[in-house]
Amino acid sequence: MPITNLPKSVAVILINWNSYEYTHNCIQSLYEMEFQDFDIILVDNGSKDGSDKKLIKDFPNIIFLKIIDNIGFTGSNNLALNYCINREYKYSMLLNNDTIVEPDFLKILYDYINIHPEVAAVQPKIYFEHDRNLLWNAGSYFNHWTGQSYTEGYNKRITLNSEKLKEVDWITGCGLLVRTELLKTSGLLDESLFMYYEDVDLSFRIKESGLKLMYVPDSIIYHIAGAAYKAKKKTKEGIVNPIVHYHNARNQIWMIKQYLNPLQKIIAFTCTFAYFSAVLVYFLLRWRIVKFKTYVKAVKDGIKGKMTRKYKFDPSV
């Protein structure tokens, strides 16, 4: 599929961070799509393994943005989103680089949102790549009494609800198609979050416009899940990087502080700290001291700190 320098209707944003194979395979699947009215914007988020140079060589027609140091999922996506707004793409698509897409996935999303002006953003149905019959996300929700975000059908086969077109509480940044113009008022991803819960926060701000967020099950992608922060070999600390636990725990506390009313906060913090205590006990029992210390720091930083709300549109990009 030829890609020109002229803006298309959709900008598909991918973030690469030391993950040549995942990004290469994702781009290759995008090239095989039926829908052609899109540009690929690849942001290299401070890769040190030479994957950025390999990808430019393999795909010279993509739009490439380079960042010297890792500024997180939020900062790297915001660079691309600012680019999209300034160049007036009608829609912007956040897509994890460790995904493979079905040939019709973007056409289905585009056709739906294009004829539903009451809808701000849409997401596809997402399966695990290692088992394409196993759901990863069939709609995303948030419980204001427990402070927990959760997804429909996780780690299950097809369910009745997974096949329904439906309104959701938030849309995962793994695959999010949004009206670009709307981001001028809702703002972009909050960079203080760095990664995790940034899509929940953005979704809540988008919904303040009065528009809907929709799950479109006929559109399908496959997700490796957590590829960037999983070790190739298991160590005494496990395979998941401690940074994942840090941002998940800290950012969950920040979301509770930001979006829940006083009564909801009391109940949510009770549930959340009970869960955190269980996690800490687990780390001690497995003698994962680095993760234990990281988790304690995350809880302290979550209690003391707060979201900076750094997400404004930058017209200079």
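In this predicted model, the charged end of R132 sits over the ring of Y222, 3.8 Å from its centre; a charge counts as over a ring if NZ of Lys or CZ of Arg is within 6 Å of the ring centre and within 35 degrees of the ring normal. R87 likewise lies over the face of Y83, at 3.7 Å from the ring centre.

Turning to ring pairs, rings of Phe, Tyr and Trp (its six-membered ring) pair if their centres lie within 6.5 Å, with planes under 30 degrees apart called stacked, over 60 edge-to-face and the rest tilted. This rule gives 14 aromatic pairs. One of them is edge-to-face, because the rings of Y91 and Y110 have centres 5.6 Å apart and planes at 85°. This pair links distant parts of the chain, 19 residues apart: Y91 in strand 4 (residues 91-95) and Y110 in helix 4 (residues 105-114). Helices (H or I, at least four residues) and strands (E, at least two) are DSSP runs, numbered from the N terminus. Both Y91 and Y110 are buried, that is, under 20% relative accessible area, against over 50% for exposed and in between for partly exposed (1.4 Å probe, protein chains only).

The rings of F269 and F273, with centres 5.5 Å apart and planes at 15°, are therefore stacked. Both residues belong to helix 8 (residues 262-285), four residues apart, about one turn of the helix. F273 is partly exposed, at a relative accessible area of 28%.

Residues are numbered from 1 along each chain as its sequence is written, and side-chain values use heavy atoms, leaving out hydrogens and water. As the model is predicted, local features need pLDDT of at least 70 and side-chain atom pairs count only at pLDDT 80 or more, while totals for chains, interfaces and linings use all residues.
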